[in-house]
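This report describes a protein model for a reader who is new to structural analysis. Please keep the sequence and the three-dimensional view at hand while reading.

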Amino acid sequence: MFTFEQLTHCNRTELAICRFVSTHLESVSYMSVRELAAATYVSPSTVMRWCAKMGFAGFDSFRTTVRKAVSQRNDDPTPEADLGELSLFFSRADSPAFEAMLGHATALLEHAEPIMFVGEGSSGTIADYGARLFANLGLFAIGLTDAFYPTSSFARKTMAVIAVSESGETSKLLELTTGLAECGATVLALTNTPDSTLAAMSDWSFAAGLSSERVNGGYNATSQLPAVFIIESLARRLVRLRKDIGTVDRTQHPAWVADGDDV
């Protein structure tokens with residue numbers, strides 16, 4: 001219905017109309033101007049201005065285009081369910097509530113040092129990525145993917161632990177995280193499963209809520225995109241926050257030394 005170029009020139013209200021139209025094509029094809037305005041919580045004049053901005057000659061022209069899109073939809077490939085889940089996740093991420101949730105996590109990390117990412121298996125790979133990204137951005141971060149690693153020698157109250165676990169129920173990871181929490185570390189959890197044990201014991205948690213997928217006898221194949229998105233969002237927000245208060249110094253930690261061109 002709408003091109004990327006059109007969407008990049010829309011404000012938040014106009015994007016909300018685009019999103020509603022794209023997800024309710026059949027209903028919109030029979031709506032009046034007032035009905036569409038009520039459904040998107042704007043005025044009829046806003047709908048008319050939106051039509052003009054999106055290149056339609058008027059509301060009738062827009063509705064004709066929508067009806068053509070509905071008639072052609074049956075001939076188009078149907079999006080796979082996993083793409084629908086990810087699309088829903090990212091639509092939820094575009095909200096004040098989601099930004100407030102990230103703000104809470106960023107505040108917990110504001111004075112943390114070091115920031116330790118922990119995980120096992122495929123979640124361990126994401127934990128390693130998170131630690132490297134944070135370090136690349138000038139934050140003192142380390143990755144730990146061995147749940148048996150002795151942490152008592154360096155666990156401290158100033159530490160923050162970002163635990164990555166699709167299920168939130170991995171026993172050894174829970175033991176490791178519990179031990180760090182008992183030493184006073186702040187714990188943040190990235191999981192896929194709401195109401196997990198890991199989430200319950202954490203100071204902050206996020207659960208993507210995607211359909212869990214196991215393949216080849218039980219190996220995890222659930223999408224990790226939400227976890228990566230949260231990690232990248234937190235990293236950039238934390239860098240901005242620390243720069244605002246003058247606490248980021250790229251010269252104080254060995255993690256900030258480049259190891260070649262790929263830094």
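## Terms and basis

A residue is called buried when its relative accessible area is under 20%, exposed when it is over 50%, and partly exposed in between (1.4 Å probe, protein chains only). K172, with 30% relative accessibility, is therefore partly exposed.

The model is predicted, and local features need pLDDT of at least 70, side-chain atom pairs count only at pLDDT 80 or more, while totals for chains, interfaces and linings use all residues. Residues are numbered from 1 along each chain as its sequence is written, and side-chain values use heavy atoms, with hydrogens and water left out.

## The protein as a whole

The protein contains 12 helices and 7 strands. These elements are DSSP runs numbered from the N terminus, a helix being H or I with at least four residues and a strand being E with at least two. Of the 263 residues in the protein, 40% are buried.

A contact means heavy atoms within 4.5 Å. Among contacts between residues at least 6 apart in sequence, 70% join residues at least 24 apart.

## Salt bridges

A salt bridge is a side-chain nitrogen of Lys or Arg within 4 Å of a carboxyl oxygen of Asp or Glu. The whole structure holds 4 salt bridges. One of them joins K53 and E14, whose closest N and O atoms are 2.8 Å apart. Because K53 belongs to helix 5 (residues 44-53) and E14 to helix 2 (residues 12-23), this pair ties together parts that are 39 residues apart in sequence. K53 is partly exposed at 42% relative accessibility, whereas E14 is buried at 13%.

R237 and E99 form another salt bridge, with an N to O distance of 2.8 Å. R237 lies in helix 12 (residues 225-245) and E99 in helix 8 (residues 96-109), so parts that are 138 residues apart in sequence are tied together. R237 is partly exposed at 22%, and E99 is partly exposed at 39%. K172 and E175 also meet in a salt bridge, at 3.7 Å from N to O. They are 3 residues apart in helix 10 (residues 171-182), a separation of about one helical turn. E175 is exposed, at 51% relative accessibility.

## Helix 2

Helix 2 has 12 residues and spans 17 Å from its first C-alpha to its last, close to the expected 16 Å. The expected span is 1.5 Å times one less than the number of residues. At its N-terminal end, N11 caps helix 2, with a side-chain oxygen 3.1 Å from the backbone nitrogen of T13.

Which residues of helix 2 are buried? They are E14, I17, C18, F20 and V21. Seen down the axis, the buried residues fall within an arc of 165 degrees, so they line one face of helix 2. The arc is that of the directions from the helix axis to the C-beta atoms. R12 and T23, on the other side of helix 2, are exposed.

## Helix 5

In helix 5, the residues T46, V47, W50 and C51 are buried. They line one face of the helix, because they fall within an arc of 140 degrees when seen down its axis. On the other side of helix 5, R49 and A52 are exposed. G55 follows helix 5 and has a positive phi, near 95 degrees.

Notes
Polar contact = N/O pair within 3.5 Å; in protein donor to acceptor, adjacent residues only side chain to side chain.
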